[in-house]
Amino acid sequence: MSSGTSDTTRTGPGPEADGDRTATGAPAPDPETAAQPVNAGQPSDAVRPDVPARRGKTGKAEVAEEPKATGPDSAPAPTSGDAPASKAVDDGEKTEDDDRAENGKKAKDGSKTEDDESAKDNSKTEDGKKTEDSGTTKDGKDAPEGADSDAEPADPWQAFGPAPVTVPGRVRRATRAVGRFLVHEWTLATLGSLVLAVLLTWPTLRYPLYTLPQDFYDPALQAWQIAWSGHILLTDPAQLWQANTFYPESWSFAFSDTLLGYAPAGMIGTGPEAAMLRYNILFVLAHALATLGAYALARQLGAGRIGAAVAGVSYAYAPWLLAQAGHLHVISNGGIPLALAMLARGHGWSLRYGYRPKRRHAGWALAGWLVAAWQLSLGFGIGLPFAYVLAGVVLVATLTWYLRRYWIRPVRHPFGARLLITDVVGGLVFAATGVLLSIPYFTVAEQHPNARRSIADIDIYSPPAVGFLTAPAESRIWGGLHEGARAALPWHPEMTLLPGFVLYALALGGLFFSVWRLRHRLLLLVGVLVSMVLAMGTRFFGGTFTYVPLVEHVPGWDGIRTPGRLMLWTTLLLGLLAAGTLTAFAMRVREIAAQRVPAWPGPWLRTATLLPLLLVVVEGLNATPHPVVPPQPAAMRTVQGPVLVLPSGQNLDQPVMLWTTTRFQDVVNGGSGFTPAKLAETREATQSFPDPASIDHLRRLGVRTVVVPRGQAAGTPFELAVEMPVDALGIRREEIGDAVVYHL
């Protein structure tokens, strides 16, 4: 190294000097550096005001070093104030910054860098001298005699080093993952919904093999529907709509809502007991899904946990829904809010925060469309209004997007090609599901004109305004108190539409104190009023400008005979208003607690937020009866079809449909929202069975067997008819168990 060139000069310990220390703990500079002045005759960079100081990794200031020379003929770099101290000289020398960037590499002349010298205590320079660790201290003085320069230097910071990180094993990682999953919000929400469903529908699961909620008429029909769809999809899917009931009618599976979305459950087990167990389990799960779906929607829109819980519980256990306990296709409404929540999540939108492009997720959007299609497959009774609402939401969102992007606020809001493709594909799947499911119903409407609902039919089931304040008899809290009000209603099972007085109060408070913006609160209020007007059917000024135009001009709307079930949307919107006010209240509680030291009001006020939830749960307590279903006659497990079971009637035939779930033989019996003409004729012709006229009618129809259960015939003309001799009629009579079987 030439005498006019110096190595790096420092004003404090840099990161490279951490390991370059002597036995005393001080770093040892190069001997030449200690003996030679730096740029004699010129001010050093360490004291020059025009050279900016740099900070090393330790946080202390460092002075930019002079460039190193590459040979004895090299001259020192100029130190004029115009040149930066970190700039390399023209002959290719590297500055200290370059040396740091190439840590561990050799310099251009083959010598090791300063970092390499620090890493190896015994390394030597090109001229054979020891490195700077060998004999000098940090201040340039010689090391004490006897110091072992070849030994590993002691690191004074070693005692403060971090403890070695223990890598958890597979078992511990799995345990932690399971623990995180169990305490996740959505896990707790799901478990809470299930537990609440079991408790608030009790005693549905007490005797699930023998009882059905509310009555054994419509529930027996729906239990058969689930069993039939599962059975026929496994055996002969092409005959799905040609059910074994209402023989010899075709498309008989489309005589009422099919609950086709539950077909996978129908593939498990056979017979009436399995069908009833399946129905009761689905009945409980439907309540749990409704709670979870409304909770998810409220959370996605921006509500807090307590507010979302109130929205979920009030949606699933509103008092008016207790009167619908016998209608699984009405109780199975959880897919509506769940699909809306998934679609909102997929599009990064919430009511409270608006559109957030970074939160878009095409997978959630696709899941929302699929859940919506599944909800539609459960039935058009509540699925058709949902389809039109969803179409309206898509239309409004598209127009709003276009206007804000190109006219009102010409700012580019990213949407994404993937999300657009997902919406197109998902929308087509949803539309295709609706079209394919509607074809059998349009066919039935053409073949059976009496299946269409007239304005007079709708008027019978249209509730008056007092129905919004009247609870059904199945309400444990309000049922007895509202008995007089129910007596004044023409058809109280479909006219008691109380969503809950607590929900009314919370929603009213949500109009004035809420986390939702004022315009959003007003829109929710408009939605509540519109849905209530439509739920009144023809009772709101004759429905001339409300419900009647829908029946006359909207495809499929004439098939909805019970306008009161639109109360579903009223309940959901009231729950969202209530969620807004409870969320605002919870936020205020946190603010008050944060201002107090200690925060003594906090726990009490937070406990107070649970009171509305508790009151909503109490209003949802039920007094629903669970009658025992008439047992299946032994003859129904052996006879061949086509079969007629007497006596026959709308309510009597629905248990008969359930009895056929063992063999699924063809039966003339059937119960639905309307009575086909052929079945009405058969019931009329067999009033005097067994006689020649009834036997001839049944033979022309193709019936070969008639079953008369003694228990079902008790109290009817058939109780005595089964004892009459039949030898002169050309038929054979047989006793199988408690039933009399006639072979025609």
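Let me start with the hairpin of β7 and β8, where two residues sit between the strands and G737 takes a positive phi near 65 degrees. The model is predicted, so to speak of local features we need pLDDT of at least 70, and side-chain atom pairs count only at pLDDT 80 or more, while totals for chains, interfaces and linings use all residues. Residues are numbered from 1 along each chain as its sequence is written, and side-chain values use heavy atoms, with hydrogens and water left out.

Strand β7 covers residues 732–736 and strand β8 residues 739–743; they run antiparallel, joined by five bridges. Two strands pair if DSSP finds at least two bridges between them. Helices (H or I, at least four residues) and strands (E, at least two) are DSSP runs, numbered from the N terminus. Opposite I736 stands A739 in β8.

Now the aromatic rings. The whole structure holds 21 aromatic pairs. Rings of Phe, Tyr and Trp (its six-membered ring) pair if their centres lie within 6.5 Å; planes under 30 degrees apart are stacked, over 60 edge-to-face, the rest tilted.

W224 and W228 are a stacked pair, 6.5 Å centre to centre with 20 degrees between the planes. Both lie in helix α6 (residues 218–235), four residues apart, about one turn of the helix.

How are the rings of F386 and F430 placed? Their centres are 6.3 Å apart and their planes at 85 degrees, so the pair is edge-to-face. F386 lies in helix α13 (residues 380–408) and F430 in helix α14 (residues 417–447), so the pair ties together parts 44 residues apart in sequence.
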